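Visitor: I'd like a close look at a single part of this protein. Please take me through it step by step.

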Amino acid sequence: MMRAWCVVRGAWGVTLVELLVVLAVLGVILGVSGLALGALKAPRESQLMLELREARASAIRSGVPRTTHHARFLPDGRAIGPGVDPLTGAPLAK
C-alpha cells in the first residue's frame, strides 16, 4: 500500500511554496520602496538659479556688486532688480 502523504509528528519546517511566497512579497515591498526612495531626490537646480546663486556668492566674497540676468547683488547679500523678490531680495525662480 502506497501513501500519498507522509506526516511526521513534531517536524518543523518550511515548504518551498511558503519560501517562494515570502521571497515574492519581500521583492514587491523592496521594489516599491526603492521607487519611493528614488522619487525623493531633490530636483535639479536650473541653470539660471545656479548663475544667480554664484553671482551672489561672488559679490559677498569680493565685496564688489555683481550683476547677472537683470539682478544686481550687493556685497551684503541683498539683491535688487526685476529678477528678485522686493521683500526678501531672494532670486525669483523662473
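Visitor: In which helix does Val22 lie? Start there, then go on to the sheet.

Guide: A caution first: this is a predicted model. Val22 is part of helix H1, which covers residues 16–38. Its relative accessibility is 46%, so Val22 counts as partly exposed; the exposed class starts over 50%. Val22 also belongs to a nonpolar surface patch.

Three strands form an open sheet in the order S1-S2-S3, and the pairing is antiparallel. Strands S1 (66–68) and S3 (79–80) are at the edges. Each has a single partner strand, so one side of each lacks a neighbour in the sheet. Helix H2, residues 47–62, packs on this sheet. Helix H2 touches S1 and S2, and its direction makes about 170° with that of S1.

Next, the pairing of S2 with S3. Strand S2 spans residues 71–73, and two bridges join S2 to S3. These two strands run antiparallel. Arg72 has Ile80 as its bridge partner in S3. In general, strands of a sheet pair through backbone hydrogen bonds.

Last, the charged side chains. Opposite charges can pair when the charged atoms come close. Here the count is one salt bridge. Asp76 forms a salt bridge with Arg78, with the closest N and O atoms 2.7 Å apart. Arg78 has 49% relative accessibility, so Arg78 counts as partly exposed.

Methods. Residues are numbered from 1 along each chain as its sequence is written. This is a predicted model: local features need pLDDT of at least 70, side-chain atom pairs count only at pLDDT 80 or more; totals for chains, interfaces and linings use all residues. Side-chain values use heavy atoms; hydrogens and water are left out. Patches are made of residues with over 30% relative accessible area and no salt bridge: like charges are joined within 9 Å, nonpolar side chains (Val, Leu, Ile, Met, Phe, Trp, Tyr) within 5 Å. Accessible areas come from the Shrake-Rupley method with a 1.4 Å probe; for residues, only the protein chains shown count as cover. A salt bridge is a side-chain nitrogen of Lys or Arg within 4 Å of a carboxyl oxygen of Asp or Glu. Helices (H or I, at least four residues) and strands (E, at least two) are DSSP runs, numbered from the N terminus. Buried means under 20% relative accessible area, exposed over 50%, partly exposed in between (1.4 Å probe, protein chains only). Two strands pair if DSSP finds at least two bridges between them. Contact means heavy atoms within 4.5 Å. Axes are lines fitted to C-alpha atoms, for helices over the stretch in contact, and angles run from 0 to 180 degrees between N-to-C directions.
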